[in-house]
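Q: I have a model open and want to learn how to read its features one by one. Can we go through it together?

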Amino acid sequence: MWSCDLCLFVLGSSLVEISGHEEGPTHKKYNPDLIDKDDLDWLDKYRALGWNTEEHKTFVSGPGVYGAPGIMHVPVRGADEPSFNVPYYVLYNNHEDRWWSYAFHDACYDVLLRSVGKLGANPDPMQFDTYVMYHLMHSIETEGEPELEKEEKLESLKNEPWSCVLVLGEEYVTWNPSEKASNLDNLKTVFQSPKFTCTPESRPLTTTTKVSHDPFTALHYDILHLITQQLSTPDIFSLIHASPYIYRMTDNPTFWKHMMGRDIFPWFWEAMKLINGCELPEHFDYKGAYLWMDKVVRPKFGMTGPWMGVANRRRIWKLCVQLADSYHKERDAWARLVYEYGSGSRS
Ligand SMILES: [Zn+2]
């Protein structure tokens, strides 16, 4: 088995072991009722980010085919692929080939490009710098992995090159993270529910009489907006719970659309289309929708239901964002170097 360097899951749908009802022990096989078996082929579409040792530049390979363990064959070369290279790539440090390659599913590469701002609502006009990304991945592998949060530390995603550990309860990682029209349709249906309708009468604030002094009342809304931009999401909720004034000032569609743009839309592309497209019921409860999306589409052990693909995308997004932050720092540092010295060798 080998895995994608972005989502850390297997390259190839044939490696997803699904248990049959008639079989015995199933601790290493997924529950068939929780797998979208018609949409597993995203695991078969992958390629590599490699290093052209002759010309000292990076390239993205053509579509890969899994070969021997740790080897990816490329029957059809990519446009940037060096023609003199052998038609396969080593995907691990074998201590002979210093410049090994990094494999990724096409669907995960799409998430990566969005996380660095290359794709999405306001795409970065600069070309995606594969040189910076390649060397960043190389330094992470040789100098230490980034810290992963709880939902990213999955048993089935322990990146052990020679074994495949599948754990019941983590089936959502097999779900295609790509954007889907069915997700948009499901979301439209959910948001038509009366529970996403809100008026001042339906959500009155009852704590005001218990508060004798609220120091935050001195803050103008514009200042409050600037402050919340600098706070983490848990801190914003602490502030809302601490002050009736801030509760009231933030209880409006503009504030919660801003929160969605910051915390939800980067990975929930269908929600961004629906909410920015204004196809919503009258008196739509933006705050309720934010809380619902944050909770229901959260990757977690044992999750079921229609949002497993988007939850997997959210998990991959969180992994890619860590790369994206470093990518921007490295790219900016390189741009400064070129600006100061005119040019520079990338070898
Ligand atoms: Zn992947």
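Q: Is His 56 buried or exposed?
A: Count C-beta atoms, placed from the backbone: a residue is buried if 20 or more others lie within 10 Å of its own, exposed if 12 or fewer, and partly exposed in between. His 56 is exposed, because it has 11 C-beta neighbours inside 10 Å. This is a predicted model, where local features need pLDDT of at least 70, side-chain atom pairs count only at pLDDT 80 or more, and totals for chains, interfaces and linings use all residues. Residues are numbered from 1 along each chain as its sequence is written.

Q: What is the phi of His 56?
A: Most residues other than glycine have a negative phi. His 56 is not a glycine, yet its phi is positive, about 55°. His 56 sits in the loop between S1 and S2. These two strands form a hairpin with four residues between them, and His 56 is in the turn.

Q: How does S1 pair with S2?
A: Strands of a sheet pair through backbone hydrogen bonds, either parallel or antiparallel. Two strands count as paired if DSSP finds at least two bridges between them. S1 and S2 (residues 57-60) are antiparallel, with four bridges. Gly 50 faces Phe 59 in S2.

Q: Which residue in S6 is the bridge partner of Tyr 46?
A: His 105. S1 pairs with S6 (residues 102-105) in the antiparallel sense, over four bridges. S1 itself (residues 46-52) is mostly covered, with six of its seven residues buried.

Q: What is the strand order in the open sheet of three strands?
A: S3-S4-S5, with antiparallel pairing. S3 (65-66) and S5 are the edge strands, and each pairs on one side only. Two bridges join S3 to S4 (residues 71-73). Val 65 stands opposite His 73 in S4.

Q: Where is Val 297?
A: In the loop between helix H9 (286-296) and helix H10 (308-341). Val 297 is buried, because 23 other C-beta atoms lie within 10 Å.

Q: Which residues does Val 297 touch?
A: Two residues are in contact if their C-beta atoms, placed from the backbone, lie within 7 Å. Leaving out residues up to four places away in sequence, Val 297 touches Phe 268, Trp 307, Val 310, Ala 311 and Arg 314. Val 297 and Met 308 are eleven residues apart in sequence, and their C-alpha atoms are 7.4 Å apart.

Q: What do the totals for the chain say about burial and contacts?
A: Of the 347 residues of the protein chain, 29% count as buried. Take contacts between residues at least 6 apart in sequence: 64% of them join residues at least 24 apart.
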